[in-house]
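Take a look at the structure first, then read on.

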Number of protein chains: 2
Amino acid sequence: MDKKTQIIEIATQLFSENGFENTSISKVCETSNVSKGLVFHHFKSKDELLREIFSSTTEKIIKMNQSINTENSPLTRLLELINSFFTQIKEDRLFFQLNLNVMTQPKTRELLNDLIKERSAFILNSVKQIFKQIDAENTEANSYLFIAELDGIALNYLGIFDDYPLELIKNQLIKKYKKKWNLK
Amino acid sequence: MDKKTQIIEIATQLFSENGFENTSISKVCETSNVSKGLVFHHFKSKDELLREIFSSTTEKIIKMNQSINTENSPLTRLLELINSFFTQIKEDRLFFQLNLNVMTQPKTRELLNDLIKERSAFILNSVKQIFKQIDAENTEANSYLFIAELDGIALNYLGIFDDYPLELIKNQLIKKYKKKWNLK
DNA sequence: TAATTGACTGACTGTGTAGTCAATGTAAAT
DNA sequence: ATTTACATTGACTACACAGTCAGTCAATTA
């Protein structure tokens with residue numbers, strides 16, 4: 001594997017596990033068997049390395065979203081979205097951890113401001129499109145509430161409760177939305 | 001004001017504004033006109049100072065919760081809870097910021113693990129009690145979902161969207177729960 | 001073959017950090 | 001008046017950190 005990629009992968013892992021502020025570049029070098037000089041040859045600062053990592057996680061999210069077939073009914077798409085969210089959160093825990101971490105840390109939040117804005121606008125828009133097709137009423141507020149629900153679940157699962165009944169909650173959430181819109 | 005209290009107040013403010021990891025004790029001293037030695041006289045480490053601060057914010061949350069009159073109907077209490085949450089989040093932004101910050105930062109999350117567990121158990125229990133009285137069905141899952149909703153709103157408001165339509169969302173949330181349980 | 005480029009190294013620098021400690025100030029108790 | 005107990009200071013230590021830089025090495029180009 002080429003060393004630049006290696007730096008990115010190890011840094012992603014360490015930033016996720018220990019937090020950005022608590023991971024020194026020296027630690028990244030040590031873990032990935034690379035000299036300090038090389039890191040600063042490829043990335044002009046530690047901050048810049050984080051930006052590259054965060055940038056590529058945004059692409060990952062966008063791709064995840066685009067994999068949802070637009071020919072299905074909006075309710076099906078919503079359920080697919082919920083499903084893929086729960087699958088992701090379980091399988092790629094660290095990925096979500098890093099995202100929560102940098103978005104709630106004032107310094108990194110500031111550093112990544114433009115990227116976060118871009119990403120959140122994209123997500124909001126995707127959800128709005130689905131909601132608009134299901135139920136034109138209160139599209140805006142319902143979209144925000146839906147996003148808050150998922151984000152809150154991620155936050156509670158990863159950071160707050162340590163025996164979070166994820167399956168139970170997933171089923172209840174699905175039930176809720178099915179009930180809400182199947183009746184109409 | 002006595003200097004110990006002063007240290008706590010300034011530290012709370014700076015930790016909230018800039019994050020725990022990004023606030024040095026020197027900065028706290030400088031801002032509160034106190035010597036470094038005094039901070040370590042009153043608190044045996046920077047971590048211990050954070051624990052005291054976090055501990056007292058938990059008490060604040062518990063008091064906030066206890067102020068809700070248990071003689072009212074469960075639906076009224078739920079609406080009161082929602083209302084006080086939205087009032088708090090607007091008026092005491094920094095308080096929520098700090099909480100999000102330390103709970104999503106692996107190092108501080110670890111440090112405060114016992115306190116976080118205690119606090120989250122308390123909150124879950126309070127919500128469960130209300131939900132049990134309104135609707136015995138799926139009490140557990142619905143309580144978790146409700147908490148996720150509020151936490152997600154806080155996260156989105158404070159960390160993700162920077163023009164979050166808080167009022168709109170509050171109204172929609174209230175409408176949703178009223179509709180759900182007034183019909184029965 | 002000689003020159004150029006870019007990946008790569010690791011010792012080094014300067015700064016900021018948490019935490020210590022011996023000394024001093026202060027006010028109440030004996 | 002003397003002791004006791006604690007609040008307070010700021011210079012100090014030891015260390016970890018991000019970032020630099022002079023120089024090595026290997027591959028490509030002229």
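**Where protein meets DNA**

Of the DNA strand D atoms within 4 Å of the protein, 58% are sugar or phosphate atoms, and the rest belong to bases. Keep in mind that this is a predicted model, where local features need pLDDT of at least 70, side-chain atom pairs count only at pLDDT 80 or more, and totals for chains, interfaces and linings use all residues. Residues are numbered from 1 along each chain as its sequence is written, chains are lettered from A and ligands numbered from 1 in the order in which they are written, and side-chain values use heavy atoms, leaving out hydrogens and water.

- A side-chain polar atom of His41(B) sits 2.7 Å from a phosphate oxygen of DNA strand D.
- Ile25(A) uses a backbone N or O atom, 2.9 Å from a phosphate oxygen of DNA strand D.

- DNA strand C has 15 residues around it, with Ser35(A) and Ile25(B) among the closest.
- Sugar and phosphate make up 60% of the atoms of DNA strand C within 4 Å of the protein.
- A polar backbone atom of Lys46(B) lies 2.7 Å from a phosphate oxygen of DNA strand C.
- For the surface near DNA strand C, α3(A) is the top contributor, with four residues.

How values were computed:
A residue is near a molecule or strand if one of its heavy atoms lies within 4 Å of it. A polar contact is a pair of N or O atoms within 3.5 Å; within protein, one must be able to donate a hydrogen and the other to accept it, and residues adjacent in sequence count only if both atoms are side-chain atoms. Helices (H or I, at least four residues) and strands (E, at least two) are DSSP runs, numbered from the N terminus.
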